[in-house]
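Visitor: I would like to learn how to read a model like this one, feature by feature. Could you take me through it with care?

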Number of protein chains: 2
Amino acid sequence: MQVVEKIAGMRHLRRQLAEPVGFVPTMGYLHDGHLSLVRAARAESRSVVVSIFVNPTQFGPQEDLASYPRDTERDLTLLTKEAVDAVFMPSAAEMYPGRFGVYVDGGKTAGRLEGACRPGHFRGVATVVAKLFNIVRPTRAYFGQKDAQQVAVIKKMVADLNMDLEVVALPTVREPDGLAMSSRNVYLNPAERRAALTLYRSLCLAQRLWREGETDAGLLRRKMVALIEKEPLASIDYVSIAGAETLDELDEVKPPVLVSLAVRIGGTRLIDNIVL
Amino acid sequence: MQVVEKIAGMRHLRRQLAEPVGFVPTMGYLHDGHLSLVRAARAESRSVVVSIFVNPTQFGPQEDLASYPRDTERDLTLLTKEAVDAVFMPSAAEMYPGRFGVYVDGGKTAGRLEGACRPGHFRGVATVVAKLFNIVRPTRAYFGQKDAQQVAVIKKMVADLNMDLEVVALPTVREPDGLAMSSRNVYLNPAERRAALTLYRSLCLAQRLWREGETDAGLLRRKMVALIEKEPLASIDYVSIAGAETLDELDEVKPPVLVSLAVRIGGTRLIDNIVL
């Protein structure tokens, strides 16, 4: 496994990689969710590239850029075991030199939900992913459905800017009790860890009600909110029932529907979703 | 010469083109300025692709999108003579399907000069050029220095988004009397055609004063403005003396400096520039 820190080095290495090239962009601190993406890339590609880059432009000024968990040594050990060919691990200065100024604006899809709560977040995501795609030139790129809106924004960017690659979204990987895997789960103390289950429980409630025939999206939202509000450590950013591609809020549940939410558990902001 | 109207068709053709691929994006109604770019591409590449696309997203609502001159038959005859391999000529609906929404924001460089007079212009330019680059995947792309700020914005986009190609800027091609060639010159009546010379004359004045030792940028601007104001058919949008890369306005002339201007001659808006 080759580890490359410079853009020029990655470009050079890329020319030697056999096609097709599978690519998994990450912010590191890898968990089983990331590894499920790496395994899918490995199964479907002759070469696999993983990037590890905590992207500053997708964090707001009040967010957790400085404290975002990092463990590069462990990450590289895990990726070696998965028979990854190359890890691209640039510095912030390598990706954003002085006078950097051109951004990809994710448009309407990027303004909703996470984009409304975290202004500029998806501009940062779209920009860094466009940069990584241009450097790595993958055949296929793999993302977790846990970041459902990120998947929607990146698919829209690839389509609208005519990027010549396929975006693959894979199911959210969960802990045995249902909590969606996230690098940020490490922030939770034991009481918060228990309280965090309220996200998945509220999604399961919406799914059960819908399976029982409920199609009133407003009612589903209210039931989810009522369940989460029973948890004293939880504070809701949003609970959304929206069209899965447009992310327009719905009155009536008509599949494919994205049920998604962002909830603060103590000081930690968690997101989760299911698709009906 | 193959003429392709669909993105899928262009991608297919691209796979068969020998490297390196030279690319000249145009809005058609070709003149000797465009042809100088095509000849450079021809001389330096094994394959040459030209695009003809009057890009709606770079025109403001009050601008000349509908009346922009078009003569596809003549364009294709000219390009055949230049031994171009492929012409990509998509429709607006092919490039901007319904629900299009992701744009490339050219940043600070795009907000000055032309960008200040034509809000959204360079967002449209950067977006369509990014799309064309992703579809055509050129080794080198050729642009005229006559659109100096466009060159600066595209070079910045290529650098900031790590696009893997070279941007080549070639000198402005002029009529024998000095008027910069432009598809929009066709709008000028004989009196306006004579009046239009004031642009180049004011640039020559700045160059002469600078060669004689004048380094006060404010004084150069005032002398240029005074010369243009003598022409009754001319109305100034801007006269700028700026850093050639940053486009920051300067107090003191320190090369490389972009001297640029936009002037309306009757109903026609013309631009021109020189680099000191």
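This is a predicted model: local features need pLDDT of at least 70, side-chain atom pairs count only at pLDDT 80 or more; totals for chains, interfaces and linings use all residues.

Visitor: In which sense do strand β2 (residues 21-26) of chain B and β6(B) pair, and over how many bridges?

Guide: Strand β2 (residues 21-26) of chain B pairs with β6(B) in the parallel sense, over two bridges. β6(B) also pairs with strand β7 (residues 166-170) of chain B, again in the parallel sense and over five bridges, and within that pairing B:Tyr142 stands opposite B:Val168 in β7(B).

Visitor: What kind of unit do β6(B), α8(B) and β7(B) make?

Guide: Together, β6(B), α8(B) and β7(B) make a β-α-β unit, and that unit is right-handed.

Visitor: How should I think about the side chains of a strand, and how many of the five residues of β6 (residues 140-144) of chain B are buried?

Guide: As a general idea, the side chains in a regular strand alternate between the two faces of the sheet. In the present case, four of the five residues of strand β6 (residues 140-144) of chain B are buried, so this strand is largely enclosed by the rest of the structure.

Visitor: Let us turn to the two chains. What rotation superposes chain B on chain A?

Guide: Chain B is superposed on chain A by a rotation of 180° with 0.0 Å of shift along its axis, and the RMSD is 0.0 Å. The two copies are thus related as by a two-fold rotation axis. In chain B, the C-alpha nearest the axis belongs to B:Val104, at 2.3 Å from it.

Visitor: How many residues of each chain are in contact, and which elements of chain B supply the side that touches chain A?

Guide: The contact involves 23 residues of chain B and 23 residues of chain A. At least two residues of that side of chain B are supplied by each of α1 (7-16), β5 (103-105), α5 (108-111), α7 (121-136) and α8 (148-160) of chain B, and the largest share, four residues, comes from α7(B). Sorted by class, the side of chain B that touches chain A has ten nonpolar, six polar and seven charged residues.

Visitor: Why can one say that the copies meet through the same surface?

Guide: The reasoning compares the interface residues of the chains: 100% of those of chain B are also interface residues in chain A, so the copies meet through the same surface.

Visitor: Where do strands of the two chains pair, and how do they run?

Guide: Strand β5 (residues 103-105) of chain A is joined to β5(B) by three bridges, and these strands run antiparallel. Within this pairing, A:Tyr103 stands opposite B:Asp105 in β5(B).

Visitor: What does the domain assignment of chain A give?

Guide: For chain A, the assignment gives domain 1 (2-170) and domain 2 (183-275), and the C-alpha centres of these domains of chain A lie 26 Å apart. In the contact between them, 13 residues of domain 1 of chain A meet 13 residues of domain 2 of chain A. On the domain 1 side, α6 (113-117) and α8 (148-160) of chain A each supply at least two residues, and by class that side has seven nonpolar, three polar and three charged residues.

Visitor: Finally, which backbone features deserve a second look?

Guide: The general idea is that most residues other than glycine have a negative phi, and that most peptide bonds are trans. Against that background, A:Tyr29 has a positive phi of about 50° although it is not a glycine; A:Tyr29 lies in the loop between β2 (21-26) and α2 (32-44) of chain A. B:Ala83, likewise not a glycine, has a positive phi of about 60°, and B:Ala83 lies in the loop between α3 (72-81) and β4 (86-88) of chain B.

Visitor: Is B:Ala83 buried or exposed?

Guide: B:Ala83 counts as exposed, because it has 11 C-beta neighbours inside 10 Å, the cut-off for that class being 12 or fewer. A:Tyr29, with 19 other C-beta atoms within 10 Å, is partly exposed.

Visitor: And which residues does a cis peptide bond join in chain A?

Guide: In chain A, a cis peptide bond joins A:Pro255 and A:Pro256, with omega about 0°, and A:Pro256 is found in the loop between β8 (234-243) and β9 (257-265) of chain A. In chain B, a cis peptide bond joins B:Pro255 and B:Pro256, where omega is also about 0°.

How values were computed. Residues are numbered from 1 along each chain as its sequence is written. Chains are lettered from A and ligands numbered from 1 in the order in which they are written. Domain bounds come from an automatic or database domain assignment. Two residues are in contact if their C-beta atoms, placed from the backbone, lie within 7 Å. Ala, Val, Leu, Ile, Met, Phe, Trp, Tyr, Cys and Pro count as nonpolar, Asp, Glu, Lys and Arg as charged, and the others, Gly among them, as polar. Copies are superposed by least squares on the C-alpha atoms of residues with pLDDT of at least 70 in both. Two strands pair if DSSP finds at least two bridges between them. A residue is buried if 20 or more other C-beta atoms lie within 10 Å of its own, exposed if 12 or fewer, and partly exposed in between; C-beta atoms are placed from the backbone. A crossover is right-handed if, with the strands pointing away from the viewer, the path from the first strand over the helix to the second runs clockwise.
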